Amino acid sequence: MMIQYRTPHITVFESALYRTTSTVIQTKGFVLIVDPNWLPREVSRIRQFVQAIRGGRSLYLLFTHSDYDHILGWQAFPEATVIASAAFANNPQKEKCLEQIRQFDEEYYIRRDYPLGYPTVDIEIFEDEQTVELEQARLRFFLTPGHTADSLFALLEHTGAWIAGDYLSNIEFPFIYDSNYAYEQTLQKALGIIREDDPALLIPGHGDATTQKAEMVKRYTESLEYIHNLRAALQSGAPFPEAQLWERYGNKRGLAGPHRENVEFVRKELASR
Ligand SMILES: [Zn+2]
(Lines give C-alpha, C1' and ligand atoms only; values in the text may rest on other atoms or scores of the structure.)
Protein backbone atom coordinates (compact mmCIF):
# COMPACT_ATOMS: atom_id res chain seq x y z
CA MET A 1 0.00 0.00 0.00
CA MET A 2 1.42 3.32 -1.00
CA ILE A 3 1.00 6.77 0.41
CA GLN A 4 -0.46 8.89 -2.33
CA TYR A 5 -0.54 12.26 -0.57
CA ARG A 6 0.85 13.48 2.70
CA THR A 7 0.95 16.63 4.82
CA PRO A 8 1.49 16.85 8.59
CA HIS A 9 -2.29 16.52 9.09
CA ILE A 10 -3.49 14.40 6.19
CA THR A 11 -2.27 11.06 4.85
CA VAL A 12 -3.98 9.45 1.89
CA PHE A 13 -3.19 5.76 1.43
CA GLU A 14 -3.93 4.11 -1.87
CA SER A 15 -4.78 0.43 -2.26
CA ALA A 16 -3.37 -1.62 -5.12
CA LEU A 17 -6.99 -2.52 -5.91
CA TYR A 18 -9.05 0.00 -7.87
CA ARG A 19 -6.81 2.75 -6.48
CA THR A 20 -9.17 2.94 -3.52
CA THR A 21 -8.17 5.55 -0.96
CA SER A 22 -8.02 5.33 2.83
CA THR A 23 -7.47 8.66 4.52
CA VAL A 24 -6.09 9.43 7.98
CA ILE A 25 -6.60 12.94 9.31
CA GLN A 26 -4.99 14.23 12.50
CA THR A 27 -5.98 17.21 14.58
CA LYS A 28 -4.90 18.21 18.07
CA GLY A 29 -7.69 16.22 19.62
CA PHE A 30 -8.36 13.25 17.35
CA VAL A 31 -7.31 10.88 14.62
CA LEU A 32 -9.95 10.20 11.96
CA ILE A 33 -9.72 7.24 9.59
CA VAL A 34 -11.83 7.16 6.43
CA ASP A 35 -12.83 3.89 4.71
CA PRO A 36 -9.78 1.76 5.67
CA ASN A 37 -9.61 -0.79 2.91
CA TRP A 38 -8.91 -3.78 0.83
CA LEU A 39 -6.07 -6.19 1.43
CA PRO A 40 -5.14 -7.45 4.92
CA ARG A 41 -1.61 -6.07 4.65
CA GLU A 42 -2.92 -2.72 3.52
CA VAL A 43 -5.38 -2.50 6.41
CA SER A 44 -2.67 -3.54 8.86
CA ARG A 45 -0.32 -0.88 7.46
CA ILE A 46 -2.97 1.74 8.19
CA ARG A 47 -3.44 0.31 11.68
CA GLN A 48 0.29 0.48 12.38
CA PHE A 49 0.44 4.02 11.11
CA VAL A 50 -2.48 5.04 13.33
CA GLN A 51 -0.92 3.34 16.37
CA ALA A 52 2.37 5.13 15.75
CA ILE A 53 0.89 8.63 15.49
CA ARG A 54 -2.12 8.43 17.78
CA GLY A 55 -0.72 9.32 21.20
CA GLY A 56 -3.61 9.83 23.61
CA ARG A 57 -6.01 11.15 21.00
CA SER A 58 -9.55 9.98 20.36
CA LEU A 59 -10.09 7.70 17.38
CA TYR A 60 -12.90 8.10 14.86
CA LEU A 61 -13.83 6.08 11.83
CA LEU A 62 -15.84 7.62 9.00
CA PHE A 63 -17.60 5.54 6.36
CA THR A 64 -18.51 7.49 3.23
CA HIS A 65 -21.06 4.88 2.12
CA SER A 66 -21.90 1.20 2.47
CA ASP A 67 -20.30 -0.30 -0.66
CA TYR A 68 -18.47 -3.35 0.60
CA ASP A 69 -14.99 -2.22 -0.40
CA HIS A 70 -15.37 0.85 1.82
CA ILE A 71 -16.54 -0.97 4.96
CA LEU A 72 -14.52 -4.18 5.03
CA GLY A 73 -11.88 -2.76 7.43
CA TRP A 74 -14.30 -1.85 10.20
CA GLN A 75 -13.33 -4.38 12.86
CA ALA A 76 -9.63 -3.71 12.41
CA PHE A 77 -10.37 -0.59 14.50
CA PRO A 78 -12.73 -1.88 17.20
CA GLU A 79 -11.96 1.01 19.57
CA ALA A 80 -12.99 3.73 17.08
CA THR A 81 -16.18 5.79 17.26
CA VAL A 82 -18.01 5.32 13.96
CA ILE A 83 -19.54 8.15 11.91
CA ALA A 84 -21.81 7.48 8.91
CA SER A 85 -25.16 8.59 7.50
CA ALA A 86 -28.45 7.53 9.07
CA ALA A 87 -29.26 5.83 5.75
CA PHE A 88 -26.04 3.84 6.18
CA ALA A 89 -27.07 2.80 9.70
CA ASN A 90 -30.54 1.81 8.47
CA ASN A 91 -29.38 0.20 5.26
CA PRO A 92 -31.90 -2.56 4.42
CA GLN A 93 -29.19 -4.45 2.49
CA LYS A 94 -26.57 -4.96 5.20
CA GLU A 95 -26.44 -8.69 4.63
CA LYS A 96 -25.83 -8.14 0.92
CA CYS A 97 -22.81 -5.92 1.68
CA LEU A 98 -21.39 -8.57 4.01
CA GLU A 99 -21.99 -11.30 1.47
CA GLN A 100 -19.99 -9.29 -1.10
CA ILE A 101 -17.07 -9.10 1.32
CA ARG A 102 -17.23 -12.86 1.93
CA GLN A 103 -17.47 -13.48 -1.81
CA PHE A 104 -14.36 -11.38 -2.41
CA ASP A 105 -12.35 -12.91 0.43
CA GLU A 106 -13.23 -16.47 -0.53
CA GLU A 107 -12.62 -15.86 -4.21
CA TYR A 108 -9.05 -14.75 -3.46
CA TYR A 109 -8.49 -17.03 -0.40
CA ILE A 110 -7.98 -13.97 1.76
CA ARG A 111 -7.38 -14.36 5.47
CA ARG A 112 -8.01 -11.44 7.78
CA ASP A 113 -6.89 -11.12 11.39
CA TYR A 114 -10.12 -9.35 12.37
CA PRO A 115 -13.78 -10.34 12.12
CA LEU A 116 -16.08 -9.08 9.39
CA GLY A 117 -19.25 -7.21 10.18
CA TYR A 118 -21.50 -4.39 9.10
CA PRO A 119 -20.42 -1.23 10.96
CA THR A 120 -22.38 -0.13 14.01
CA VAL A 121 -22.82 3.65 13.77
CA ASP A 122 -22.21 5.81 16.85
CA ILE A 123 -22.70 9.25 15.28
CA GLU A 124 -25.42 9.37 12.62
CA ILE A 125 -25.61 12.08 10.00
CA PHE A 126 -29.31 12.52 9.37
CA GLU A 127 -29.59 15.93 7.71
CA ASP A 128 -27.88 17.88 5.00
CA GLU A 129 -25.23 20.38 6.18
CA GLN A 130 -25.18 18.81 9.63
CA THR A 131 -22.16 19.94 11.62
CA VAL A 132 -20.43 17.84 14.23
CA GLU A 133 -17.92 19.23 16.72
CA LEU A 134 -15.22 16.75 17.62
CA GLU A 135 -12.60 17.80 20.19
CA GLN A 136 -12.74 21.46 19.08
CA ALA A 137 -12.75 20.72 15.36
CA ARG A 138 -15.77 21.23 13.17
CA LEU A 139 -16.88 18.74 10.53
CA ARG A 140 -19.63 19.57 8.04
CA PHE A 141 -21.54 16.79 6.35
CA PHE A 142 -23.64 16.74 3.21
CA LEU A 143 -26.05 13.99 2.21
CA THR A 144 -25.08 12.92 -1.29
CA PRO A 145 -27.36 10.23 -2.73
CA GLY A 146 -26.99 9.10 -6.33
CA HIS A 147 -24.05 6.71 -6.23
CA THR A 148 -25.65 4.97 -3.24
CA ALA A 149 -28.56 6.26 -1.16
CA ASP A 150 -26.37 6.45 1.95
CA SER A 151 -23.39 8.40 0.58
CA LEU A 152 -22.07 11.53 2.22
CA PHE A 153 -19.46 14.26 1.85
CA ALA A 154 -17.45 15.51 4.80
CA LEU A 155 -15.66 18.87 5.00
CA LEU A 156 -13.13 19.19 7.78
CA GLU A 157 -13.15 22.90 8.25
CA HIS A 158 -9.77 23.61 9.77
CA THR A 159 -7.78 21.42 7.36
CA GLY A 160 -9.92 22.24 4.32
CA ALA A 161 -10.07 18.53 3.45
CA TRP A 162 -13.08 17.40 1.49
CA ILE A 163 -13.87 13.70 1.73
CA ALA A 164 -15.98 13.03 -1.35
CA GLY A 165 -16.61 9.27 -1.20
CA ASP A 166 -17.25 7.76 -4.62
CA TYR A 167 -17.80 11.10 -6.37
CA LEU A 168 -15.47 13.34 -8.39
CA SER A 169 -12.96 10.65 -9.25
CA ASN A 170 -10.46 11.28 -12.02
CA ILE A 171 -10.31 7.58 -12.93
CA GLU A 172 -13.98 6.54 -12.81
CA PHE A 173 -17.09 7.97 -14.44
CA PRO A 174 -20.17 8.02 -12.17
CA PHE A 175 -21.30 4.59 -10.95
CA ILE A 176 -25.06 4.98 -10.53
CA TYR A 177 -26.55 2.51 -8.06
CA ASP A 178 -29.17 4.80 -6.50
CA SER A 179 -30.52 7.38 -8.96
CA ASN A 180 -29.22 9.40 -11.89
CA TYR A 181 -31.41 12.35 -10.85
CA ALA A 182 -30.10 12.31 -7.29
CA TYR A 183 -26.59 11.94 -8.70
CA GLU A 184 -27.00 15.11 -10.72
CA GLN A 185 -28.26 17.00 -7.65
CA THR A 186 -25.28 15.78 -5.67
CA LEU A 187 -22.99 17.07 -8.40
CA GLN A 188 -24.64 20.49 -8.11
CA LYS A 189 -24.04 20.34 -4.37
CA ALA A 190 -20.39 19.54 -5.11
CA LEU A 191 -20.11 22.57 -7.39
CA GLY A 192 -21.56 24.73 -4.60
CA ILE A 193 -18.88 23.41 -2.23
CA ILE A 194 -16.11 24.10 -4.75
CA ARG A 195 -17.33 27.67 -5.25
CA GLU A 196 -18.39 28.64 -1.75
CA ASP A 197 -16.36 26.58 0.70
CA ASP A 198 -13.00 26.79 -1.01
CA PRO A 199 -11.87 23.23 -0.21
CA ALA A 200 -8.08 22.91 0.01
CA LEU A 201 -7.99 19.22 -0.89
CA LEU A 202 -10.52 16.97 -2.62
CA ILE A 203 -10.10 13.30 -1.71
CA PRO A 204 -12.13 10.91 -3.88
CA GLY A 205 -12.76 7.25 -3.00
CA HIS A 206 -10.79 6.08 -6.05
CA GLY A 207 -7.96 7.87 -7.83
CA ASP A 208 -6.02 11.02 -7.11
CA ALA A 209 -6.56 13.62 -4.44
CA THR A 210 -6.25 17.14 -5.80
CA THR A 211 -5.63 20.64 -4.44
CA GLN A 212 -6.50 22.29 -7.76
CA LYS A 213 -9.83 24.02 -8.06
CA ALA A 214 -9.79 23.77 -11.88
CA GLU A 215 -9.34 20.01 -11.57
CA MET A 216 -12.26 19.78 -9.12
CA VAL A 217 -14.49 21.69 -11.57
CA LYS A 218 -13.27 19.50 -14.44
CA ARG A 219 -14.30 16.34 -12.58
CA TYR A 220 -17.70 17.87 -11.85
CA THR A 221 -18.14 18.78 -15.54
CA GLU A 222 -17.05 15.37 -16.82
CA SER A 223 -19.29 13.51 -14.36
CA LEU A 224 -22.28 15.61 -15.33
CA GLU A 225 -21.53 15.16 -19.02
CA TYR A 226 -21.45 11.39 -18.57
CA ILE A 227 -24.92 11.41 -17.02
CA HIS A 228 -26.29 13.73 -19.69
CA ASN A 229 -24.82 11.59 -22.47
CA LEU A 230 -26.29 8.48 -20.90
CA ARG A 231 -29.76 10.00 -20.67
CA ALA A 232 -29.59 11.46 -24.18
CA ALA A 233 -28.52 8.14 -25.68
CA LEU A 234 -31.30 6.26 -23.91
CA GLN A 235 -33.95 8.81 -24.81
CA SER A 236 -32.99 9.18 -28.48
CA GLY A 237 -31.83 5.64 -29.15
CA ALA A 238 -28.55 7.04 -30.53
CA PRO A 239 -25.39 5.21 -29.46
CA PHE A 240 -23.51 6.39 -26.38
CA PRO A 241 -20.13 7.99 -27.36
CA GLU A 242 -18.17 5.09 -25.89
CA ALA A 243 -14.88 5.59 -27.73
CA GLN A 244 -14.59 8.96 -26.03
CA LEU A 245 -15.23 7.34 -22.66
CA TRP A 246 -12.35 4.89 -22.97
CA GLU A 247 -10.08 7.57 -24.27
CA ARG A 248 -10.83 9.63 -21.20
CA TYR A 249 -10.84 6.97 -18.46
CA GLY A 250 -8.84 3.99 -19.73
CA ASN A 251 -9.15 0.59 -17.98
CA LYS A 252 -11.73 -0.33 -20.59
CA ARG A 253 -11.79 -4.02 -19.70
CA GLY A 254 -12.57 -3.19 -16.09
CA LEU A 255 -14.92 -0.29 -16.64
CA ALA A 256 -17.01 -1.74 -19.47
CA GLY A 257 -19.07 -3.73 -16.93
CA PRO A 258 -19.94 -0.77 -14.69
CA HIS A 259 -20.82 1.29 -17.79
CA ARG A 260 -23.21 -1.44 -19.01
CA GLU A 261 -24.75 -1.61 -15.54
CA ASN A 262 -25.28 2.16 -15.61
CA VAL A 263 -27.01 1.88 -18.99
CA GLU A 264 -29.40 -0.79 -17.66
CA PHE A 265 -30.00 1.02 -14.40
CA VAL A 266 -30.75 4.39 -15.98
CA ARG A 267 -32.87 2.76 -18.70
CA LYS A 268 -35.17 1.42 -15.97
CA GLU A 269 -35.14 4.71 -14.12
CA LEU A 270 -36.16 6.67 -17.23
CA ALA A 271 -38.87 4.13 -18.06
CA SER A 272 -40.42 4.36 -14.60
CA ARG A 273 -40.70 8.14 -14.69
ZN1 LIG B 1 -18.91 3.00 -3.89
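Q: Which residues in α6 meet which residues in α8?
A: This is a predicted model, and in it L230, R231, L234 and Q235 of α6 meet N262, V263, V266, R267 and L270 of α8. By class, the residues of this contact divide into 5 nonpolar, 2 polar and 2 charged.

Q: What describes the packing of α6 with helix α8 (residues 252-271)?
A: In general, two packed helices are described by the angle between their axes and the distance between the axes. Here the axes of α6 and α8 come within 10 Å and cross at roughly 65°. As for the sense of the crossing, α6 passes α8 in a right-handed one.

Q: Why are α5 and α6 called roughly antiparallel?
A: Helix α5 (residues 180-196) and helix α6 (residues 213-236) pack at an angle of about 160°. Angles over 145 degrees count as roughly antiparallel, and therefore α5 and α6 are given that label. Their axes are 10 Å apart, and α5 passes α6 in a left-handed crossing.

Q: Which residues make the contact of α5 with α6?
A: On the α5 side they are N180, Y183, E184, L187, A190, L191 and I194. They meet K213, M216, V217, Y220, S223, L224, I227 and R231 in α6. Sorted by class, this contact has 10 nonpolar, 2 polar and 3 charged residues.

Q: What makes V217 partly exposed?
A: V217, which is found in helix α6, has 15 other C-beta atoms within 10 Å. A residue is buried at 20 or more and exposed at 12 or fewer, so V217, with its 15, is partly exposed. The C-alpha atoms of V217 and E107 are separated by 38 Å, and the two are 110 residues apart along the chain.

Q: Why is N90 called partly exposed?
A: The count for N90 is 13 other C-beta atoms within 10 Å. Exposed needs 12 or fewer and buried needs 20 or more, so N90 is partly exposed. N90 lies in the loop between α3 (86-89) and α4 (94-107).

Q: How do you know whether Y109 is buried or exposed?
A: Y109 has 6 other C-beta atoms within 10 Å, and the cut-off for exposed is 12 or fewer, so Y109 is exposed. This residue lies in the loop between α4 and β7 (123-125). Most residues other than glycine have a negative phi.

Q: What makes D198 exposed?
A: Around D198 there are 10 other C-beta atoms within 10 Å. With exposed set at 12 or fewer, D198 is therefore exposed. D198 sits in the loop between α5 and β12 (201-204), and its phi is near 50°, again positive in a residue other than glycine.

Q: How many residues does the largest nonpolar core have, and which have the most contacts inside it?
A: It has 61 residues, and those with the most contacts inside it are I33, L62, F153, A154, W162, I163 and I203. Strand β10 (residues 152-156) gives the largest share of this core, 5 residues. Leaving out residues up to four places away in sequence, I33 touches V24, I46, V50, L61, F77 and A80. In soluble globular proteins, nonpolar side chains tend to be buried together.

Conventions:
Residues numbered from 1 in each chain as written. Predicted model: local features only at pLDDT ≥ 70, side-chain atom pairs only at ≥ 80, totals over all residues. Axes fitted to C-alpha atoms, helices over the stretch in contact; angles between N-to-C directions. Helix = DSSP H or I, 4+ residues; strand = E, 2+ residues; numbered from the N terminus. Parallel < 35°, antiparallel > 145°, perpendicular 65-115°, else oblique. Left-handed = near helix turned anticlockwise from the far one by under 90°. Contact = placed C-beta atoms within 7 Å. Nonpolar A, V, L, I, M, F, W, Y, C, P; charged D, E, K, R; others polar. Core = buried A, V, L, I, M, F, W, Y, C linked by C-beta atoms within 7 Å.
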